[in-house]
Amino acid sequence: MKSRRATFLLWTLIVVIVLAAALFAYVWKPAIEPVQPQGSFPEEQLQRGGNIAAAGLCVVCHTAPNGQRNAGGLPMETPFGTIYTTNITPDPETGIGAWSFDAFDRAMRHGVARDGSYLYPAFPYTYYTHLSPDDMEALYAYIMTQPAVRAEPPETELPFPFNIRPLMAGWNLLFLDPDPIEPVEGESEEWNRGNYLARAAGHCAACHSPRNALGAEKEGKHYLAGGEAEGWIAPALNQESPAPVAWTQEALFNYLRYGFDEAHGAAAGSMAPVVREGTARIAESDTRALATYLASLGNGDGNGEPDGGGKQAAPAETERRTQAAATLSPPVTEGARLFASACLACHHAGDGPATFGVQPQLWFSTSLYLDEPDNVVRHILDGVQSPANDDLGYMPPFRHSLSDRQVATLVNYMRTSFAQKPEWRDLPAKVGHIRSESAR
Ligand code: HEC
Ligand code: HEC
Ligand code: HEC
């Protein structure tokens, strides 16, 4: 009896040790030997890599406010704590100059750094994992030939248990899908290029898809169904698009290339840097491919006319509607008065005097048709200080000149008269909340 029990315990122990060893072997990743900084690559490859780096928005995340390009240190607020971006210039000590291509490839595809530690998925490797081998090599060549900057960004220190980086092995097991993006048969080459750019380098879904409780992107029908980024709402780009006028291929091209389309308005908030550093800089044919791909996602009927459901009013109708609102015909509400005195000079319909830059017609702005008022409130409180394109002009902040109640009155006036949607509820409190959140 006694010896049978001892045998049982022994076997249990062996099984536990084997399982622990297997888990360790699965989670543990070796460090990859440092190499001498790599110096010279063919010009053609560097061009290709520069295009992918722009599409991938490396510089948007890896540059601190007023910092040197790609030297890291930008704080990223996540539900799990603040994560700082790293220095990805080729400085051998503080950057990634000592990383071989294999080390770089492993980080970009599997989220494991050269020293074997796991990286957080705030770094969008779950998208870059789909880059083609040629694009990855070109990206490496490009990054390694940029100016080396000696700079040590702050360490990321998340609270327990998120500070245990090996836990990301489990996260990767659940959510990392490293399969390449296969061309879809029956679609054009341009469409397939757009699909690849959106899903791999461009990581559009990182902001435009909703996320689950573990911070992973929801897929399937949730793909590009609307998400959130740094306190901004990234509207749905699929058939759920709330835009009042359907997005055509041409409108998407204008928006992504120049940051503005007449029937949709300007790219602001966290979309402005996507355009400025990304879709405005990549090869023009690539911006077109993205537009072709997005236009196919069914956001309306794609011809700029009202769609069958009657949800979308034609431009002429919306314009007529708003012109009436802007002429201050009695009875004049407080909202109309605020709009006429603070906004109309730059946001008027028709022929009035033009100010510098563009004059977005606000009834086209998707921000007025969303379920939540965050984007329009942020526009008003903070204005537009760094537009997607310098020619678009700037908008002054109204943070100090309008109270929460005034902003709320103005916003609900625009919501009901321009968008003809029901008022947003509890708006003054929401404005107060957004004001304190976005205060710098
Ligand atoms: C959405 C923001 C974001 C974008 C865009 C982004 N990164 Fe990062 N990256 C991060 C964060 C955050 C980290 C650090 C993660 C951590 O500490 O676990 C990181 C880490 C890295 C690392 C690991 C460096 C190290 O020292 O461990 C590499 C390599 C890297 N990024 C390369 C790139 C390249 C190349 C691009 C463009 C194609 C890019 N990143 C775009 C956020 C981003
Ligand atoms: C960092 C987050 C982020 C990323 C990445 C991002 N977007 Fe956006 N996008 C936004 C936000 C926020 C808005 C709303 C901007 C506004 O209201 O001015 C937006 C707006 C848009 C719009 C206008 C939608 C409308 O109805 O007004 C389009 C089109 C768009 N994005 C396309 C893309 C594409 C294509 C990509 C990938 C190449 C992309 N976005 C990547 C955050 C992002
Ligand atoms: C000095 C001119 C000016 C004034 C005054 C002004 N704006 Fe703007 N506004 C702009 C410009 C220029 C843009 C586009 C900037 C960009 O995104 O690059 C803009 C963009 C916007 C947008 C985003 C539009 C879109 O296309 O999605 C909203 C919303 C907005 N303004 C609301 C207001 C409101 C409300 C007021 C009054 C409180 C106001 N603006 C006053 C110049 C102005």
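## The iron site

With six donor atoms and angles of 87 to 179° among them, the iron atom of ligand 2 sits in an octahedral site. Here, donors are N, O and S atoms within 2.8 Å of the metal (3.2 Å for Na, K and Ca), with water not among the atoms, and six count as octahedral if opposite donors are over 155 degrees apart and all others between 65 and 115. This is a predicted model, where local features need pLDDT of at least 70 and side-chain atom pairs pLDDT 80 or more, while totals for chains, interfaces and linings use all residues. Residues are numbered from 1 along each chain, ligands from 1 in the order written, with chains lettered from A, and side-chain values use heavy atoms, without hydrogens or water.

## Two protein partners

So who holds on to the iron? His208 (NE2) and Met271 (SD) coordinate the iron atom of ligand 2, at 2.0 to 2.3 Å. His208 belongs to helix H9 (residues 205-208) and Met271 to the loop between strand E6 (265-266) and helix H11 (272-279), so the pair ties together parts 63 residues apart in sequence. Helices (at least four residues) and strands (at least two) are DSSP runs. Both His208 and Met271 are buried, meaning under 20% relative accessible area (1.4 Å probe, protein chains only).

## Around the ligand

Ligand 2 has 26 residues around it, and the closest include Cys204, Cys207 and Thr366; a residue counts if one of its heavy atoms lies within 4 Å. Domain 2 (189-295) and domain 3 (315-437) both contribute to this shell, so ligand 2 lies between them; the domain bounds come from an automatic or database assignment.

How values were computed
Tetrahedral: all angles 85-135°; square planar, octahedral: opposite > 155°, others 65-115°. Buried < 20%, exposed > 50% of the residue type's maximum accessible area, 1.4 Å probe, protein only.
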